[in-house]
Amino acid sequence: RVLGAAPRALRPYLASSYYGESGVDVETTSGIELRFGDASQADLKWKAAAAVLADPEIEALDYVDLHAPAHPAFAGSGHTLPPPP
(Lines give C-alpha, C1' and ligand atoms only; values in the text may rest on other atoms or scores of the structure.)
Protein backbone atom coordinates (compact mmCIF):
# COMPACT_ATOMS: atom_id res chain seq x y z
CA ARG A 1 0.00 0.00 0.00
CA VAL A 2 2.87 2.39 0.70
CA LEU A 3 4.47 1.97 -2.74
CA GLY A 4 1.07 2.10 -4.45
CA ALA A 5 0.51 5.54 -2.93
CA ALA A 6 3.87 6.92 -4.13
CA PRO A 7 3.47 10.04 -6.27
CA ARG A 8 4.24 9.41 -9.94
CA ALA A 9 6.91 12.14 -9.91
CA LEU A 10 8.87 10.38 -7.15
CA ARG A 11 8.66 6.82 -8.51
CA PRO A 12 11.79 7.08 -10.71
CA TYR A 13 13.78 7.92 -7.56
CA LEU A 14 12.70 4.87 -5.54
CA ALA A 15 15.29 2.09 -5.43
CA SER A 16 13.90 -0.47 -2.98
CA SER A 17 11.54 -1.11 -0.12
CA TYR A 18 11.55 -3.48 2.81
CA TYR A 19 9.92 -4.08 6.15
CA GLY A 20 12.40 -3.00 8.83
CA GLU A 21 12.37 -2.68 12.61
CA SER A 22 10.07 0.32 12.54
CA GLY A 23 7.86 -0.80 9.65
CA VAL A 24 7.97 0.00 5.96
CA ASP A 25 11.15 1.66 4.72
CA VAL A 26 11.70 2.93 1.19
CA GLU A 27 15.17 3.79 -0.08
CA THR A 28 15.71 6.37 -2.80
CA THR A 29 18.22 5.95 -5.61
CA SER A 30 20.50 8.42 -3.82
CA GLY A 31 20.40 6.35 -0.60
CA ILE A 32 17.96 8.39 1.49
CA GLU A 33 15.78 6.18 3.68
CA LEU A 34 12.10 7.10 3.96
CA ARG A 35 10.72 5.56 7.16
CA PHE A 36 6.96 5.13 6.88
CA GLY A 37 6.15 2.91 9.83
CA ASP A 38 2.83 1.30 8.99
CA ALA A 39 0.84 1.91 5.81
CA SER A 40 -1.72 4.16 7.47
CA GLN A 41 -1.93 7.69 6.06
CA ALA A 42 0.35 6.70 3.18
CA ASP A 43 -0.82 9.64 1.05
CA LEU A 44 -0.05 12.14 3.81
CA LYS A 45 3.31 10.51 4.49
CA TRP A 46 4.28 10.75 0.81
CA LYS A 47 3.28 14.43 0.75
CA ALA A 48 5.45 15.04 3.80
CA ALA A 49 8.35 13.14 2.19
CA ALA A 50 8.01 15.17 -1.02
CA ALA A 51 7.98 18.42 0.96
CA VAL A 52 11.18 17.50 2.81
CA LEU A 53 12.91 16.32 -0.38
CA ALA A 54 11.91 19.52 -2.20
CA ASP A 55 12.94 21.89 0.61
CA PRO A 56 15.71 24.10 -0.83
CA GLU A 57 17.14 24.66 2.66
CA ILE A 58 18.01 20.95 2.98
CA GLU A 59 21.09 19.97 1.04
CA ALA A 60 21.71 16.41 2.21
CA LEU A 61 19.85 13.72 4.16
CA ASP A 62 20.28 10.22 5.52
CA TYR A 63 16.65 9.59 6.45
CA VAL A 64 13.17 11.07 6.72
CA ASP A 65 10.97 9.65 9.49
CA LEU A 66 7.33 9.85 8.42
CA HIS A 67 5.63 8.10 11.34
CA ALA A 68 3.94 11.43 12.17
CA PRO A 69 3.33 12.98 8.73
CA ALA A 70 2.40 16.38 10.16
CA HIS A 71 5.84 16.54 11.79
CA PRO A 72 8.38 14.58 9.73
CA ALA A 73 11.78 14.19 11.34
CA PHE A 74 14.94 14.14 9.26
CA ALA A 75 18.67 14.22 9.70
CA GLY A 76 21.95 13.44 8.09
CA SER A 77 24.47 14.68 5.65
CA GLY A 78 25.56 11.54 3.86
CA HIS A 79 23.30 11.53 0.81
CA THR A 80 22.57 14.27 -1.65
CA LEU A 81 19.02 14.91 -2.74
CA PRO A 82 17.90 13.55 -6.09
CA PRO A 83 17.69 16.11 -8.90
CA PRO A 84 14.26 17.60 -9.54
CA PRO A 85 12.20 15.79 -12.19
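Predicted model: local features only at pLDDT ≥ 70, side-chain atom pairs only at ≥ 80, totals over all residues.
The largest nonpolar core comprises 18 residues, of which Val26, Leu34, Phe36, Trp46, Leu61, Val64 and Leu66 touch the most other members. Two or more residues are given to this core by each of the elements β2, β3 (33–37), α1 (42–54) and β4 (60–65), and the greatest contribution, five residues, comes from α1. Val26, one of the residues that touch the most other core members, has contacts beyond four places in sequence with Val2, Leu3, Leu14, Ser16, Ser17, Ile32, Glu33, Leu34, Phe36 and Trp46.

Thr28 belongs to strand β2, which spans residues 23–28. With a relative accessibility of 2%, Thr28 counts as buried, and, when neighbours within four places in sequence are set aside, Thr28 is in contact with Tyr13, Leu14, Ala15 and Leu34. Leu14 and Leu34 are also among the residues touched by Val26.

One aromatic pair is found in a search of the whole structure. The pair is formed by Phe36 and Trp46 in a tilted arrangement, with 4.7 Å from centre to centre and 50° between the planes. Phe36 lies in strand β3 and Trp46 in helix α1, so that the pair links distant parts of the chain, 10 residues apart.

Side chains of opposite charge can pair when their charged atoms come close. In this model the count of salt bridges comes to two. In one of them, Arg35 is joined to Glu33, with the closest N and O atoms 3.0 Å apart; Glu33 is also among the residues touched by Val26. Arg35 is assigned to the partly exposed class because its relative accessibility is 25%, a value that falls between the limits of 20% for buried and 50% for exposed residues. Arg35 additionally lies over the face of Tyr63, at 4.0 Å from the ring centre.

The side chains of Asp38 and Lys45 likewise meet in a salt bridge, at 3.3 Å from N to O. The two partners fall into separate accessibility classes: Asp38 is partly exposed, with a relative accessible area of 46%, whereas Lys45 is buried, with a relative accessible area of 2%.

Definitions and conventions: Residues numbered from 1 in each chain as written. Heavy atoms only, no water. Salt bridge = Lys/Arg side-chain N within 4 Å of Asp/Glu carboxyl O. Buried < 20%, exposed > 50% of the residue type's maximum accessible area, 1.4 Å probe, protein only. Helix = DSSP H or I, 4+ residues; strand = E, 2+ residues; numbered from the N terminus. Contact = heavy atoms within 4.5 Å. Core = buried A, V, L, I, M, F, W, Y, C linked by side-chain atoms within 4.5 Å. Phe/Tyr/Trp six-rings, centres within 6.5 Å; stacked < 30°, edge-to-face > 60°. Lys NZ or Arg CZ within 6 Å of the ring centre and 35° of its normal.
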